[in-house]
Every structure is written in structure tokens, then in C-alpha cells.
Amino acid sequence: MKTLVILAHPNLASSRINKAWAERVKKEENVYVHDLYANYPDFKIDVEKEQELAVQFDRIVFQFPFYWYSSPALLKEWQDVVLTYGWAYGSKGTKLQGKEFVVATSTGGPAEAYQEGGYNRYPMNHLLLPFQATANLTGMKFQTPFLFQGAGGDLSDKVIQDSAESYARLLR
Ligand SMILES: Cc1cc2nc3c(=O)[nH]c(=O)nc-3n(C[C@H](O)[C@H](O)[C@H](O)COP(=O)(O)O)c2cc1C
């Protein structure tokens, strides 16, 4: 299965989790990591190029650090301009149909914060519903999200590497 990882991190140089994830899965055969902020620092996305790229893969991954309970802005822009009517949705918009869709995200808050009674109140599967709804509308098969939670804490390299290994196993 060929996998396209659409990576959206505004400051990859200072990243620990997403950088480790991206570097690890780049080594996998059949995984292509497409760094949005590196390609479009001016936010001017080449829609045709993105659509031509996306159709070549069986699985699409959105990989990003969780920002304000969603994705960083350039990934939202990607959705706004690339997922067009007649291409991604609508009676003739079938280009993504049947592909697997994975959200891979890291959160600063720990897992226990993302539940009723926790300081973020809502579980991740609720907060990620817009992504699931997008998968539904475009005919993609929404998979269990891959999460790293508690990125704001004091993390050992081993914890991060173990997570990167699990991510690579998932995409293999
Ligand atoms: C602008 C901004 C918004 C953020 N919003 C959230 C948030 O809504 N929830 C959360 O748990 N962490 C939030 N964080 C923390 C990031 O998710 C965390 O720093 C990131 O996942 C770490 O991954 P990295 O090592 O790849 O940078 C935010 C960080 C920034 C800079």
C-alpha cells in the first residue's frame, strides 16, 4: 500500500515529535512524506500538483501537531483549496474514494486532559470529528488516529523513538 504523509508543522526545526515521526517513516518503502510548510511557505498551494500527487496513493495521512484543537493553518488551507467539488466530492468528485485516511497528531496536553472532567473536556475522537466528516464526504476510510499525547512534558528520546517506531509499523 502506497502512503502519502501530508506533514504540516510550521516550525519543524524546533519539533521533537513530528520531526522524529517524519524522519522515521521516510525510511519506509512506499511512504512519501510531503512537507507542506517547506513547499508552500507563502501559503500559495499549487492545487493541480497536490491533486495529481494525492491520486497516486492508497492511503493519505495528515500529520501535524495539534494546534488550537485542530490542525495548523496551512493544512486547513490545503483542505480548502485541494478538496474541490467535482474532484473530492459531488457526484463526479470521486478521486479520493476508497483510500484509507489517517490522522497522526501530537498534543501538548496529556491523554487524561482529553476527557470529561479533564482540563480540555472533550475526547480526541470528538475533536477530530471534522476530519472524520471530511473522510466520509470524500469517500475515504477513516482509520483509528495515531496519537502522541503529553508532548508538553519532559520527554526522553526513547519515548519519542518508540512512538516513531509504532508509527512506522502502522504505515508499513
Ligand atoms: C499555536 C499552538 C497551539 C497549540 N494548541 C494546542 C492544543 O490545542 N492542544 C494541545 O494539546 N496542545 C497544543 N499545542 C501544543 C502542541 O500540540 C505541541 O507543542 C506539539 O504537539 C509538539 O509536537 P512537536 O514536538 O512536533 O512540535 C499548541 C502549540 C502551539 C504552538
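**Basis.** I worked from a predicted model, in which local features need pLDDT of at least 70, side-chain atom pairs count only at pLDDT 80 or more, and totals for chains, interfaces and linings use all residues. Residues are numbered from 1 along each chain as its sequence is written, and side-chain values use heavy atoms, with hydrogens and water left out.

**Ligand shell.** I found 16 residues around the ligand, the closest being Ser-15, Arg-16, Phe-66, Ser-106 and Tyr-114 (near: a heavy atom within 4 Å). I noted that α1 (17-26) and β4 (100-107) each supply at least two residues of this shell (DSSP runs, helices H or I of at least four residues and strands E of at least two, numbered from the N terminus).

I looked up pairs of N or O atoms within 3.5 Å. A polar side-chain atom of His-9 lies 2.8 Å from a ligand oxygen atom. A polar backbone atom of Phe-66 is 2.7 Å from an oxygen atom of the ligand. For Trp-68, a backbone N or O atom lies 2.8 Å from a ligand nitrogen atom.

**Helix pair.** I then turned to α3 (residues 47-54) and α4 (residues 73-82), whose axes come within 10 Å and cross at roughly 90° (axes are lines fitted to C-alpha atoms over the stretch in contact, with angles from 0 to 180 degrees between N-to-C directions). The two helices, α3 and α4, are therefore roughly perpendicular (65 to 115 degrees). I recorded that Val-47, Glu-50 and Gln-51 of α3 meet Trp-78, Val-81 and Val-82 of α4 (contact: heavy atoms within 4.5 Å).

Note on methods:
Polar contact = N/O pair within 3.5 Å; in protein donor to acceptor, adjacent residues only side chain to side chain. Parallel < 35°, antiparallel > 145°, perpendicular 65-115°, else oblique.
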